[in-house]
Amino acid sequence: MIENLVEKIKGKGTRIVFTEGSDSRILEAAVRLHKEDILVPILLGNRAEIQGAAAANGFDIEGIEMLDPNEYKNMDMMVRRTVELRKGKMTEEEAREACLKTNFFGTMYVELGCGDGLLGGATYSTADTVRPALQLVKTRPGSSIVSSCFIMLKEGHETLVMGDCSINIDPSVDDLVEISLQTARTVRQFGIEPRVGLLSYSTFGSGKGESVDKVREAAIRLKRMPLDFGVEGEMQFDCAVAPEVASLKAPDSKVAGNINTFIFPNIDSGNIGYKIAQRLGGYEALGPILQGLNAPINDLSRGCNAEEVYKMAIVTAAQKYMDI
């Protein structure tokens, strides 16, 4: 999948902002992306700290753009635009202070059209990446929430997708419907035909409880829509992935037993689920990929390595050319 995305973006000069420019993982990925001419990395942070970190780790960052908010020549313009976007929620002084922080600055840099996308979160929390995006870039037309998914890769196995594992703590029925639609859209944009399963501890009424009711209602609403992809739920994980179990529990389903897009009922199950697949199942987890925003802005896991940063930067750049 990554190879196909590289073909789409290589040499186009797509400008991706990295909010943690002095982090060794970011530096390693940026050097590789620059050398391979896949995209244009922009390292945010204190210039001396970035140069010092690069030297300490043996990275040659010659020719890679560095951007220090304290040196930014168009700061007055950025501050004015920030005040306009926050609509009375920020004074000019507060906006100027916020714009000196790399997460906020990087998001505004993208909002102003100076960068094509942003990747952060190697040292920051998800909230620190998502909050400025919601305040400044905002949601895309037709979206009422921002959600996320992880693309799960394993050599010799089908690519799987899991959502929402990092944004919505306890999604409502409406939220689950939108998360399912957003995730299916993301899956298809990356060249995968979605087969969506809404997961639960119940399969078609075998269990009871508020969570079961929520997932069941979301599945019912989705099935009433004129969708061009398969969806099933509520269902247990074994029914979602094992044909022999699906033949017993969901004999009339066209997708049960063959699900590749998993929608979790809450952030607990989603976060636990993808990390089990990653740590015990040997899957590589790319994400969280943010869905529903007006621009390609993505979060990194704080446990990421340079390879994951490299691939997530490619995903972020590719989103510029998609209907995100």
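## Pocket, surface patch and salt bridges

The lining of the largest pocket is made up of seven nonpolar, six polar and three charged residues. The model described here is predicted. This pocket has a volume of about 240 Å³. Its lining counts 16 residues, and Thr126, Asn271, Tyr274, Lys275 and Ser301 are the ones nearest the centre of the pocket. Helix H12 supplies the largest share of the lining, four residues.

Ile272 is located in helix H12, which covers residues 267–279. Together with Ile276 and Leu280, Ile272 forms a nonpolar surface patch with about 340 Å² of accessible area. Ile272 counts as exposed because its relative accessibility is 51%, and the cut-off for exposed is over 50%.

The structure holds 23 salt bridges. Three of them are listed here.

| Pair | N to O distance |
|---|---|
| Asp76 and Arg96 | 3.1 Å |
| Glu84 and Arg81 | 2.8 Å |
| Glu158 and Arg195 | 2.6 Å |

In the salt bridge between Asp76 and Arg96, Asp76 belongs to helix H4 (residues 75–86) and Arg96 to helix H5 (residues 92–99), so the contact ties together parts that are 20 residues apart in sequence. Asp76, at 46% relative accessibility, is partly exposed, and so is Arg96 at 30%.

Glu84 and Arg81 both lie in helix H4, three residues apart, which means about one helical turn separates them.

Glu158 and Arg195 meet in a salt bridge that links distant parts of the chain, 37 residues apart: Glu158 is in the loop between strands E5 (147–153) and E6 (160–163), and Arg195 is in strand E7 (residues 195–199). Glu158 is partly exposed, at 38% relative accessibility.

Technical notes:
Residues are numbered from 1 along each chain as its sequence is written. This is a predicted model: local features need pLDDT of at least 70, side-chain atom pairs count only at pLDDT 80 or more; totals for chains, interfaces and linings use all residues. Side-chain values use heavy atoms; hydrogens and water are left out. Patches are made of residues with over 30% relative accessible area and no salt bridge: like charges are joined within 9 Å, nonpolar side chains (Val, Leu, Ile, Met, Phe, Trp, Tyr) within 5 Å. Accessible areas come from the Shrake-Rupley method with a 1.4 Å probe; for residues, only the protein chains shown count as cover. A salt bridge is a side-chain nitrogen of Lys or Arg within 4 Å of a carboxyl oxygen of Asp or Glu. Helices (H or I, at least four residues) and strands (E, at least two) are DSSP runs, numbered from the N terminus. Buried means under 20% relative accessible area, exposed over 50%, partly exposed in between (1.4 Å probe, protein chains only). On a 1 Å grid over the protein atoms alone, a cavity is a set of points where a 1.4 Å probe fits but cannot get out, and a pocket is an open set with protein on both sides within 12 Å along at least five of seven lines; lining residues have an atom within 4 Å of a point. Grid points are joined across faces, edges and corners, and a volume is the space filled by probe spheres set on the points. Ala, Val, Leu, Ile, Met, Phe, Trp, Tyr, Cys and Pro count as nonpolar, Asp, Glu, Lys and Arg as charged, and the others, Gly among them, as polar.
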